[in-house]
Amino acid sequence: MITLSEWKEQGQFETINNQQIFTRQGGDKNSSVLLLIHGYPSASWDWEGMWKALTQCYYVITLDMLGFGLSAKPKNARYLITEQADIFHSYLKKLNISHYHILAHDYGDTVAQEMLARQVTVNNSADQDRPRIDSVCFLNGGLFPETHRPLLIQKLLLSPLGVLVSKLTNKQRFEKNLQRIFGPDTQPTYEVVDTLWQLLNHNNGSAVMHKLINYIPQRNQHRERWVGAIINSNVPVKLINGTQDPISGQHMVNRYRELIPNADVTEMPKLGHYPQIEDAEAICEVYLQFRKTIR
């Protein structure tokens with residue numbers, strides 16, 4: 001396992017859209033570009049188990065989104081999904097990347113949906129200058145607000161008690177919530193819990209948890225645009241899902257098959273909400289197989 005200190009040492013901080021953002025790159029710059037987008041409430045470290053295998057095949061780019069991990073966590077930010085997408089687009093343009101693939105998880109799925117929506121609805125020269133998405137692969141996430149089943153802690157963070165709940169959250173409660181959403185046979189290790197807890201609390205992150213959770217009502221607000229982006233996608237789209245996930249598991253897969261024409265889905269029946277942490281090797285194998293079908 002790559003420790004958090006090693007992960008940090010191998011990355012760098014960039015000023016992107018006037019914010020201090022932690023970034024990480026790896027692999028051959030002449031290879032196909034793969035952008036990894038993490039979930040809530042964690043960070044790019046989520047991909048550490050897949051990093052070596054992916055960087056052997058692709059030029060891999062990732063970052064900690066605003067409000068997450070090692071990046072800035074300003075208390076006055078709105079934390080809009082559209083603003084997170086703007087950060088990714090600015091970073092890709094800064095790296096002079098013209099084409100790329102996306103592998104996303106959870107909150108990152110929603111950001112990827114917004115990025116895909118911008119490509120699907122290109123209607124002006126500014127949009128045409130954006131780096132182009134060549135494929136998207138989603139891991140567990142709330143792709144459809146009607147099937148998203150938030151945990152009690154998430155509901156409380158959305159409530160008027162959100163600020164207080166953020167302050168009262170401790171490592172023990174955090175670990176119990178993780179245990180609920182991992183597969184029964186792939187429970188988080190002490191090292192995983194400790195690292196994710198450190199990332200959440202870095203830069204006083206608990207103070208913005210109740211603001212970051214606002215992605216849930218944003219999904220309802222923009223449902224037509226974000227679900228439409230998948231339905232009307234002009235690039236290959238794949239779903240890899242840990243079906244033991246109580247938040248976005250088998251019930252979300254069933255809805256995906258209902259709505260998405262010719263749905264490309266791989267179900268992982270023993271895994272939960274964090275498939276890339278629970279069994280990084282298996283998820284990497286499925287993803288690489290998907291990429292072979294679209295070359």
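Author: Happy to! Please keep in mind that this is a predicted model. Let's start with helix H8, residues 171-181, and helix H9, residues 190-201: their axes lie 10 Å apart, and the two helices pack at an angle of about 120°.

Which residues make the contact? From H8 come Lys171, Phe174, Glu175 and Leu178, while H9 brings Tyr190, Val193, Asp194, Leu196, Trp197 and Leu200. Sorted by class, the residues where H8 meets H9 are 7 nonpolar and 3 charged, with no polar ones. The spacing of such residues has a simple background: an α-helix has 3.6 residues a turn, so positions three or four places apart point the same way. You can follow that along H8 by looking at Lys171, Phe174, Glu175 and Leu178 in the view above.

Now move on to another helix, H12, which covers residues 223-231. Here Trp226, Val227, Gly228, Ala229 and Ile230 are buried. What do these buried residues of H12 pack against? Their partners are helices H3 (81-94), H4 (107-120), H11 (215-221) and H13 (250-259), together with strands E6 (132-138) and E7 (237-242).

Of these partners, H13 deserves a look of its own. H12 and H13 pack with their axes 10 Å apart and at an angle of about 70°, and they are therefore roughly perpendicular to each other. On the H12 side, Arg223, Val227, Ile230 and Ile231 take part, and they meet Arg255, Tyr256 and Leu259 of H13. This contact of H12 with H13 holds 5 nonpolar and 2 charged residues, and no polar ones. Val227 and Ile230 belong to this contact and are also among the buried residues of H12.

Finally, let's step back to the whole protein. There are 15 helices and 8 strands in it, and 58% of its 295 residues count as buried. The C-alpha atoms fill a box of roughly 45 × 40 × 35 Å along the principal axes. A compact globule of 295 residues would have a radius of gyration near 19 Å, and the 18 Å of this protein agrees with that. As for contacts between residues at least 6 apart in sequence, 79% of them join residues at least 24 apart.

Definitions and conventions
Residues numbered from 1 in each chain as written. Predicted model: local features only at pLDDT ≥ 70, side-chain atom pairs only at ≥ 80, totals over all residues. Heavy atoms only, no water. Axes fitted to C-alpha atoms, helices over the stretch in contact; angles between N-to-C directions. Helix = DSSP H or I, 4+ residues; strand = E, 2+ residues; numbered from the N terminus. Contact = heavy atoms within 4.5 Å. Nonpolar A, V, L, I, M, F, W, Y, C, P; charged D, E, K, R; others polar. Buried < 20%, exposed > 50% of the residue type's maximum accessible area, 1.4 Å probe, protein only. Rg over C-alpha atoms; globule rule 2.2 N^0.38 Å. Parallel < 35°, antiparallel > 145°, perpendicular 65-115°, else oblique.
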